[in-house]
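Let's take a walk through this structure together, one region at a time.

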Amino acid sequence: MDRTITYHIDSASAGLRIEQFLRRQGYSYQNLTQLKKMPQSILVNGNWTYMRTVLNANDTLTVRIQEHESSPNIPPVKLPLDIIYEDEDIIVVNKPAGMPVHPSLNNYRNSLANALMYYYQAQGLPFIFRCTNRLDRDTSGLTVIAKHLVSSSILSALAVKHEITREYLAIVRGTPAPPAGTINAPVGRTGSSLIERKIDFEHGEHAVTHYRVLDTKNGHSLVSLFLETGRTHQIRVHMKYISHPLIGDYLYNPDMEHMSRQALHSYRLAFRHPVTGEPLEFTAPMPEDMRRVLGI
C-alpha cells in the first residue's frame with residue numbers, strides 16, 4: 001500500500017534531523033531503515049532528501065510509505081468481515097467466534113487474515129497482515145490491524161507501554177467475591193503443551209487482570225475485565241485461578257451446557273491513533289450466544 005504522511009515543522013522541532021524528528025513521532029529504527037530503501041520516500045518542501053537533513057521551522061516534511069508486496073502464504077478467501085472502522089493507517093474488525101486470526105495447519109483458509117487478504121485484493125491493493133491485539137479463535141470481538149509498517153510499529157509500542165485499553169466481557173460460573181478486584185498471578189506453560197497455560201509463580205510471566213461483576217443471572221455472572229498485560233489465555237487462566245472459570249472453555253472448564261466456546265468477547269478498544277494522535281474508542285455489542293445465556 002502507498003501512504004503519504006505530511007508533517008508541518010514548527011519552531012520546537014526546528015534544528016532536528018529528519019531521523020530524530022521521526023523517532024519522536026514513534027517511528028522505529030527498523031522503520032527508518034525500511035524507508036531508506038524506498039525510492040524518494042523522504043521529501044522536504046517537495047524535494048527528495050536524506051534522513052540526516054536538518055529541519056527548519058515552516059518546512060513541510062513528507063514521508064512516502066511504499067509497500068507493494070503482500071503477505072506470503074495467506075490465500076485470499078471471501079469470508080464475512082465486520083469492519084467497525086477503517087482509514088489509511090488502521091482497520092478495526094469485529095471478529096466472530098470460531099475464526100482464527102492467523103492461518104494455521106488445520107485452519108489454512110478460514111482466518112481473519114484470509115478474509116482481509118481477499119478484501120484488499122478485491123480492491124487491487126497489496127496487503128501485509130499485521131495484527132496488534134491477537135484474539136483466540138473462539139474469542140469474539142474487536143481487534144485492530146495496522147495497514148502499513150509505521151502504524152504497525154507505533155501500535156506495537158502503544159501496546160508495550162499499556163496505552164491500549166482493552167475491555168473484555170466474559171460469562172463465568174458463580175459470582176466472584178469481592179465483586180471487583182485485581183488478579184495478579186504469573187502465567188506460564190503447562191508441561192510440554194504449546195497451547196495450555198497455568199498459574200506458575202516460579203517460572204510464569206507477570207500477568208495482571210482487573211475484573212468487575214456487571215450482572216448475575218441463572219448461576220452465572222457477566223464480568224468486565226481489563227488487561228494490564230497480554231499473556232496467552234490470561235483471562236481464561238486467571239478466572240479459573242479464582243474458581244470462577246469461563247463457561248464453555250474446552251481447555252479450562254469444559255462445561256458446554258450453555259456455550260460451545262469460551263464465553264469471552266473483546267468489547268472495547270481505546271487508543272491514540274498511531275499517526276494523528278487522535279483518541280479513538282470502539283465498542284462491539286455482545287454476541288447472541290452470550291446474550292442468550294444471560295437471557296438478554
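Leu43 stands opposite Trp48, a residue of β3. Keep in mind, as you look at this pair, that the model is a predicted one. The strand β2 covers residues 42-44, and two bridges join β2 to β3 in the antiparallel sense.

Now step back to see where these strands belong. They are part of an open sheet of four strands, arranged in the order β1-β4-β2-β3 with antiparallel pairing. Which strands form the edges of this sheet? They are β1, residues 2-8, and β3, residues 47-48, and each of them pairs on one side only.

From β3, follow the chain to Thr49, which sits in the loop between β3 and β4, the latter spanning residues 60-66. Is Thr49 buried or exposed? Its relative accessible area is 14%, and because the limit for a buried residue is under 20%, Thr49 counts as buried. Leaving aside residues up to four places away in sequence, Thr49 touches Ile18, Ile42 and Val44.

The largest pocket has a volume of about 1200 Å³. It is lined by 38 residues, and those closest to its centre are Arg134, Leu135, Asp136, Thr232 and His233. Helix α4 (149-160), strand β9 (165-173) and helix α5 (234-241) each give at least two residues to the lining of the largest pocket. What kinds of residue make up that lining? There are 15 nonpolar and 14 polar residues, together with nine charged ones.

The second largest pocket has a volume of about 220 Å³. Here 16 residues form the lining, and Gln25, Gly26, Ile154, Arg272 and Pro274 are the closest to the centre. Both β1 and α4 supply at least two residues each to the lining of this second largest pocket. Which element gives the largest share? That is α4, with four residues. By class, the lining of the second largest pocket holds nine nonpolar, five polar and two charged residues.

Key. Residues are numbered from 1 along each chain as its sequence is written. This is a predicted model: local features need pLDDT of at least 70, side-chain atom pairs count only at pLDDT 80 or more; totals for chains, interfaces and linings use all residues. Side-chain values use heavy atoms; hydrogens and water are left out. Two strands pair if DSSP finds at least two bridges between them. Buried means under 20% relative accessible area, exposed over 50%, partly exposed in between (1.4 Å probe, protein chains only). Contact means heavy atoms within 4.5 Å. On a 1 Å grid over the protein atoms alone, a cavity is a set of points where a 1.4 Å probe fits but cannot get out, and a pocket is an open set with protein on both sides within 12 Å along at least five of seven lines; lining residues have an atom within 4 Å of a point. Grid points are joined across faces, edges and corners, and a volume is the space filled by probe spheres set on the points. Ala, Val, Leu, Ile, Met, Phe, Trp, Tyr, Cys and Pro count as nonpolar, Asp, Glu, Lys and Arg as charged, and the others, Gly among them, as polar.
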